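Hi,

Here is the structure for your files.

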Amino acid sequence: MSKGILHYDVGEQVELFLLIKSSTKGIASNGKPFLTLILQDQSGEIEAKLWDAGDDDEKRYAAQNIVRIIGDVQNYRGKSQLKIRQIRKSGPADGVKLDDFLETAPLSQDEMMGKLTQFIFEMKNPNIQRITRHLIKKHQKAFLEYPAATKNHHEFVSGLAYHVVSMLDLAKAIVSLYPSLDKDLLYAGVILHDMGKVLELSGPISTVYTVEGNLLGHITIMINEIGKAAEELGIAGEEVLILKHLVLSHHGKAEWGSPKPPMVKEAEILHYIDNLDAKMNMLDRALERVKPGEFTERIFALENRSFYKPVFHK
């Protein structure tokens, strides 16, 4: 297989099939329309501009189409950008399919479901266990397929489940170091904290926010889901309230989207675990794209900092 788009250096010529992740129309300073295309394959994504784009081009090069591109990788304001020389839509004779271009989690859905099942099995509190199991079952297909975000972290197929199983491993290690933590509550908080994203986001490919996602957001959506689950299962214990609080407070601060700050020990720890896993994922992805001795692009979610990759690293 040819190398992925992310592995081309500035100045290299590209001749590749790529998937259009998004296509946005703009008007250039000369008054002519153009398209900003975000193109992707399994290695990652790159931006390209299609100048003097007509209405036909807008339809032809809409999101989720696969295109054959000849062009050059250029540096534009510190970022790689693809300069298009030739572009055409792929046809049946090309033998390419959507799945070939999608970045997916490093674990299979079966492996992740196995891990989730194991953690739920370890829970001793029947109320917490039943609510968690009920909601995983209800949203299982989407939960295993969806990304964790549209950008920033785990924005790939099965990213949501991968984020959760990575956090569960972190939670397990932390519980072994601080046994005063309520393991059941922390595990349930990890599994449920972002599950609302299955209703907040549109799906695993060319992900956008749904109407419900825009108007309510995944935190509010999930509070409703926990309430409904407890009602259906006839559970009315304090656990329901605390589980809702964990979901409600996991962003940590109002300005980061949490209506309440953490007020329960496990809620505070959940916030750190979530943050740590998201930041590691962002850093790994950014550093993967640069050579030792270089700085990454600025990472918006990390206070717009640029990170250096030491030369002595592998």
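Predicted model: local features only at pLDDT ≥ 70, side-chain atom pairs only at ≥ 80, totals over all residues.

Residues are numbered from 1 along each chain as its sequence is written, and side-chain values use heavy atoms, with hydrogens and water left out.

Cores first. A nonpolar core is a set of buried Ala, Val, Leu, Ile, Met, Phe, Trp, Tyr and Cys residues joined through side-chain atoms within 4.5 Å. Buried means under 20% relative accessible area (1.4 Å probe, protein chains only). The largest core has 52 residues. L116, I131, I191, L192 and I226 touch the most other members. Helix α4 gives the largest share, nine residues. Helices are DSSP runs of H or I, at least four residues, numbered from the N terminus. L192 touches T132, L135, M222, I226, L243 and V247, leaving out residues up to four places away in sequence. Contact here means heavy atoms within 4.5 Å. A second, separate core has 20 residues, including V14, L37, I46 and V67.

Next, G159. It sits in α4. G159 is buried, at 0% relative accessible area. Beyond four places in sequence, G159 contacts Y146, P147, A148 and H154. G159 and E103 are 56 residues apart in sequence, yet 9.4 Å apart in space, C-alpha to C-alpha.

Best wishes

Conventions
Buried < 20%, exposed > 50% of the residue type's maximum accessible area, 1.4 Å probe, protein only. Helix = DSSP H or I, 4+ residues; strand = E, 2+ residues; numbered from the N terminus.
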